[in-house]
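Hello,

Here is the structure I promised to pass on to you. Please open it beside this email and follow along as you read.

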Amino acid sequence: MKQLKPVHSPQSSVYSLINNFILEDPPIRTQEENFVWEKMVSNVIKSFDQYSEFIYPPFREGFYSLELDNFSIPSINTLNHKLASIDWQAIYVNGFVPAGIYALMLANQFFPVSVTLRPLKYFDYSAAPDFAHDILGHLPMLFVKEFRELLKKWATKTSQCNITFLDEETYRLTAALIREKEEKKPDYSKISVLTKSLNNVYDQLNANPSDLSILAKYYGWSFEFGVIKDNGIPNIFGAAIVSSSKETQNICEGKAALIEFNEDTLKTGVNYTSLQDKVFYVEDFSAYNHHLHNL
C-alpha cells in the first residue's frame, strides 16, 4: 500500500481513510495494453486536427502539458512530476471507488486513477473505470485553474453529504453490474436482473432525490460531458467525450442535441453505457459555479 505524500496538512484520519483505497503501481503492462494505449492517445491527437474548432483550447494545452507518449504508458511518478506544478497528485485505485471516498480524494487534491487499462475488446466503451479515460480525459483539465477550483468545490460539497440507503444501493448495484459485464463470459440474465434493480433505484431517486444523487448528475453533465459554447461553437472538454473518439464524433458532427445547462439538467440521469443523444452546454465556467452554488 502506498503512503500519501501530503499536498497540504489535512487531518491524519482523512489521509488514513484515503490510504485504504490506494494501490501500488500496476505490474508490467502487457502487449495488448500498450497497443490500446497507443491507439487511444493517437485518437485524441487526431481529434485535435479533425475537430480543431470544437476542442476546448485549455484542454489541448493541458493535454500537451502532460507530455504523454503514445508508445509508453506513463507511471504514476511520471504523471505526478507533471502535476507537481499545480499542487495535485495522481493516485492509483482499484476501479470503482465509493462516491464519498472519491470526493474526499478530490477535495484533498488527489486524483484517483484506475490501475486497470481496458482490454482491446472494450476499446470503444469500457464499463469499468479505466486508466486511459482518467489520464486522457480528466488530467488535462487539472491544468486549468478555474476547472480544478470547480472540481474541488464539488468534491468538498459531495464529501459532506449524508449517504442514504439508495445511494449505497446505487454503488453496490453499479459495481456488481460492472463486474459482471467485464467477465470473460458475462451472465446476461444476471446483467438483466442487476440492470432492472439499478433502474428501480434510479426511479426512486428521481422521485425523491438525495443530495448525493443530484451532485452525481452535476458531475456527469459537467466533468464527464462538459461543453462550453464559444461564439456558438461547442468546445468539448468533458472526460467521457474527449477520451472517446465515437463520443467526440457524435457531438462535433451535430448528432447530439445541445441544450443549455439549467435546473432541469440536474433532473436528467446520465447513461454512461451508450452514446449521448443530448449534452448540456454553458457559456463559461461561471455558469457551472452558479449552478453548483445553488445546490
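Predicted model: local features only at pLDDT ≥ 70, side-chain atom pairs only at ≥ 80, totals over all residues.

**Two packed helices**

Let's begin with helix α8, which covers residues 165–181, and helix α9, which covers residues 188–207. In general, a packed pair of helices is described by two values, the angle between the axes and the distance between them. For α8 and α9 the angle is about 155 degrees and the axes are 9 Å apart. Angles over 145 degrees count as roughly antiparallel, and α8 and α9 are therefore roughly antiparallel to each other. Their crossing is left-handed.

Which residues of α8 and α9 meet? From α8 they include Leu166, Thr170, Leu173, Leu177 and Lys181. On the α9 side, Ile191, Leu194, Leu198, Val201 and Leu205 are among them. Sorted by class, this contact of α8 with α9 has ten nonpolar residues, five polar ones and five charged ones.

**An open sheet**

Next, find the open sheet of four strands, whose order is β4-β3-β6-β5 with mixed pairing. Which strands are at the edges? They are β4 (233–236) and β5 (257–260), each of which pairs on one side only. From one strand to the next, the twist averages 45 degrees.

You can see both senses of pairing here. Strand β3 (residues 227–230) and β4 run antiparallel and are joined by four bridges. In this pair, Asp230 stands opposite Ile233 of β4. The hairpin of β3 and β4 has two residues between the strands, and Asn231 takes a positive phi near 55 degrees there. By contrast, β5 pairs with strand β6 (residues 278–282) in the parallel sense, again over four bridges. Look for Ala257, which stands opposite Lys278 in β6.

Phe48 belongs to helix α2 (residues 31–50) and Phe59 to helix α3 (residues 57–65), so the pair ties together parts that are eleven residues apart in sequence.

Happy exploring, and do write back with any questions!

Best wishes

Terms used: Residues numbered from 1 in each chain as written. Heavy atoms only, no water. Axes fitted to C-alpha atoms, helices over the stretch in contact; angles between N-to-C directions. Parallel < 35°, antiparallel > 145°, perpendicular 65-115°, else oblique. Left-handed = near helix turned anticlockwise from the far one by under 90°. Contact = heavy atoms within 4.5 Å. Nonpolar A, V, L, I, M, F, W, Y, C, P; charged D, E, K, R; others polar. Pairing = 2+ DSSP bridges.
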